[in-house]
Amino acid sequence: MATIEANSMEEDKAVVPPKPRFEPLKAHEMSEGGVQFRKVNVPAHRFSPLKKAWMEIYTPVYEQMKIDIRMNLKMRKVEMKTRPDTPDVGNLQKCADFVHAFMLGFDPMDAIALLRLDDLYVETFEIKDVKTLRGEHLSRAIGRLSGKGGKTKFAIENSTRTRIVIADTKIHMLGSFLNIKVARDSLCSLILGSPAGKVYSKLRAVSARLAEKF
């Protein structure tokens, strides 16, 4: 009896078909052959910088990410779409984030990190979100954020490994989630009136802790 059961078990094992192996789907196959689009608005003040830096934006998007990109002069938008040879559908959104970061004022060499790394984000907040300031008080707060010759901004960027753009009352930050949080805390302290020296010392302590963690 035992031998019959053993034989039947061996037969069952032999009958099990091999696991199917599927090739990864291409971007155009995931959307049932349809082409996916993204459009990014071009603000009036970023039109000239876009013309100058067009090849720096076009080359990585078209050649590395395999995404079609063009400038629609009539609509004043940068248009992107997937191609049959686009390796990953996520590339389209990465390219849209890259172009959007440039429109916010980031240098193409900094914004290109969005194409190469997965854990990078762009975060924006306004000075009025932290404290309601008007007139000279607002001007002084913006001055405190930049520092003399941009010294304070560069110090925060270097110690938190982020990139910061101060565009009037809006502040844009590019970096990883944790690093953006540290940079934002420092910027908020400056807006609330903390002296730069105090912010630097706190920043050094937090940066040392982050370095230990990673």
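Two strands count as paired if DSSP finds at least two bridges between them. Helices (H or I, at least four residues) and strands (E, at least two) are DSSP runs, numbered from the N terminus. Please bear in mind that this is a predicted model, in which local features need pLDDT of at least 70, side-chain atom pairs count only at pLDDT 80 or more, and totals for chains, interfaces and linings use all residues. Residues are numbered from 1 along each chain as its sequence is written, and side-chain values use heavy atoms, with hydrogens and water left out.

I begin with the sheet. Three strands, in the order E1-E3-E2, make up an open antiparallel sheet. Strands E1 (37-41) and E2 (67-72) are at the edges with a single partner strand each, so one side of each has no neighbour in the sheet. On average, neighbouring strands are turned by 20° against each other, direction ignored. Six bridges join E2 to E3 (residues 77-82) in the antiparallel sense; Ile 69, for instance, has Met 80 in E3 as its bridge partner.

Next, the helices. Angles run from 0 to 180 degrees between N-to-C directions, and axes are lines fitted to C-alpha atoms, for helices over the stretch in contact, where contact means heavy atoms within 4.5 Å. Helix H4 (residues 54-64) lies across E2 and E3, at about 150° to E2. Helix H5 (residues 90-104) lies across E1, E2 and E3, at about 5° to E1.

Finally, is Lys 153 buried or exposed? This residue of helix H10 (residues 151-160) is buried, with a relative accessible area of 18%; buried means under 20%, exposed over 50% and partly exposed in between, for a 1.4 Å probe and protein chains only. Leaving aside residues up to four places away in sequence, Lys 153 touches Leu 145, Ser 146, Ile 164 and Ile 166.
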